[in-house]
Structure formats: structure tokens, C-alpha cells
Amino acid sequence: MTSFLTHRARVHDARLPLHQRHSALRTCLTLFAPYGLRATYHHLTLSAGIPRRLEAEPDALVRTVEELHEARLLWLARAEEYAAQRRAEKRAGQRAVPNPRPWWLRSRWEGSDRTWYDAPFRHPSLRLSVYVRRQNALLDGAELPGCPACGYEGPLEPHSTGHGWVELCGRCAWGPAPCPCGQRHRLVPAIPYGWNEIRQRAHMSDDGTPNPHWPGAGPSLSDLVGRVRGVRSRRPQNRDRAAACWRRLKTY
């Protein structure tokens, strides 16, 4: 397989057709994707403003791959430090892998970010380099406020797994603890979306802004819960508005 840098150069090559440059970008994501491939692609389409029609803004591909490249350099530097640390520990006779593993070595079921694989639109909104710096700081023992993934300091939201209840970040659905039953579950209810729709940027408009008519667009889970609570705390005639909010919540 060719390297990340090779495909990054292809994304920059304006002589290539746009579909080939876009394909090279997706290959870069198979080599490095902090939020998981689907969630990272969804994030990059929003952060770089990739329009539904690539011809409308070809430079968006360059912005996208550069954000990914910036975060990858931070990860590579920390991964090299970790590799040197592990070699020294092995020479000292400490061959057991520390627990928890570094964030880039955890499987999707090990990490608290497993929700992003089931619902790729519930990832953090942080720039990828900011997220990587945050995860590296946590690995080094720093105590950061708010959600470990996105920094959100609001309350956790309860979610049923069918066997019990878990609490997820109200902004990015990061889960601090697995289901009490110990089994693997989809932690976010499925809403109408498909990978092909995300890959084809159905959630984006031709001008590079989010498509307001896409099913995944709209307020966050915590925002909807807050609206329902606020409406219910007012007058009885607002029950219809509260019911409408709850119907919207059921799509998350």
C-alpha cells in the first residue's frame, strides 16, 4: 500500500480529475482517522466545507487533507515517544502493556468512542489537531475539564442499551462506562442515514454549507432535551410543542 504522504500529494495535484483527488483523500482516511473513518470523513466535510458538488469548491479537498495531515503529525510524534518508552520498559523487564492502552491502539469496543462507529454524525466538533492534542495530554496524565473527548461540561445524557442504562456526553456521545451487563451494544439509536449518503455528501449543500434538509441535521441531543424540559416547565398549552420535541428526540 502506498503511503499517506503519497495520497496527500495526489489530493494537492490540480492536474488530476476531482474524483481521483477525492479518492486519494478517502485512502488517507483509511490510514489515519481519529474519529473512525466514517465519523472523521463526516467531520472533515463540515470543517473544510466540502460541497456536494466537488466542482463548486475544489480547494476544499486541500483544506481537508491538510487538517488531517496536521493531526497525523501530532499523532506520529506521540506514537514514536510511546514506542521508545515501551522499548525501555521491555529492557527493564516490564513486558505487560499498560492499561488503558494509548488511544490509537484501542479497538472500537475498548474505547469510550465506540458510539462514533454506529452514529458517525455524533463525533466531537473539535479540529482534529485539537482532539489529538487533547488525547495526548490525557495519556500523559493531564486532568482536563469536561468531556475527555470534546470538553463539553454539560450533564451526561442517559441512554438505554436494552439491558441497562449508560450515560453519554450530550454533545459527542462519548461514553465513560460500558453497559453494566458487559455486552456490546449499539449505544445510539439508528436515524435515517447511510454510509453512501455521507460519502456522497448528502448532508452538504452545493455551496459547502450543511444541508438543513438532511435527516441528521438539526439540534444536538442535549439541546432537544433542554427544549422539552423548558417547554414543560411553562404553561399547559405548550404540551403540543413538547410532544413535537419528543418526536424529534426519537429520531436520535
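Biologist: What makes Y131 count as buried?

Modeller: This is a predicted model, and in it Y131 has a relative accessibility of 4%; since buried means under 20%, Y131 counts as buried.

Biologist: Why is the pair of W116 and Y131 called edge-to-face?

Modeller: The ring centres of W116 and Y131 are 6.1 Å apart, and rings pair if their centres lie within 6.5 Å, so W116 and Y131 form an aromatic pair. The angle between their planes is 65 degrees, and because over 60 counts as edge-to-face, the pair receives that name. W116 lies in helix 5 (residues 115-118) and Y131 in helix 6 (residues 128-139), so the pair ties together parts that are 15 residues apart in sequence. W116, at 1% relative accessibility, also counts as buried.

Biologist: What makes W103 and W104 an aromatic pair, and why is that pair edge-to-face?

Modeller: Their centres are 5.5 Å apart, which is set against the limit of 6.5 Å, and their planes stand at 90 degrees, so the angle is over 60 and the pair counts as edge-to-face. Both W103 and W104 are buried.

Biologist: How many aromatic pairs are there by this rule, and which residues do ring pairs link into a cluster?

Modeller: The count comes to seven aromatic pairs, and ring pairs link Y35, Y82, W103, W104, W116 and Y131 into a cluster.

Biologist: How do you know that C147 is in no disulfide?

Modeller: A disulfide is a covalent bond between the sulfur atoms of two cysteines. The test applied here asks for a pair of cysteine sulfur atoms within 2.5 Å, whereas the nearest cysteine sulfur to C147, that of C169, is 3.8 Å away, and therefore C147 is in no disulfide. For C169 the nearest cysteine sulfur is that of C150, at 3.7 Å, so C169 is in no disulfide either. A search of the whole structure finds zero disulfides.

Biologist: Are C147 and C169 buried or exposed?

Modeller: C147 has 6% relative accessibility and counts as buried, and C169, with a relative accessible area of 1%, is buried as well.

Biologist: Which residues of helix 1 are buried, and why are they said to line one face of the helix?

Modeller: In helix 1 (residues 4-12), the buried residues are F4, H7 and V11. Seen down the axis of helix 1, its buried residues fall within an arc of 70 degrees, so they line one face of the helix. These buried residues pack against helix 2 (18-31) and helix 4 (59-91).

Definitions and conventions
Residues numbered from 1 in each chain as written. Predicted model: local features only at pLDDT ≥ 70, side-chain atom pairs only at ≥ 80, totals over all residues. Heavy atoms only, no water. Buried < 20%, exposed > 50% of the residue type's maximum accessible area, 1.4 Å probe, protein only. Helix = DSSP H or I, 4+ residues; strand = E, 2+ residues; numbered from the N terminus. Arc of directions from axis to C-beta. Contact = heavy atoms within 4.5 Å. Phe/Tyr/Trp six-rings, centres within 6.5 Å; stacked < 30°, edge-to-face > 60°.
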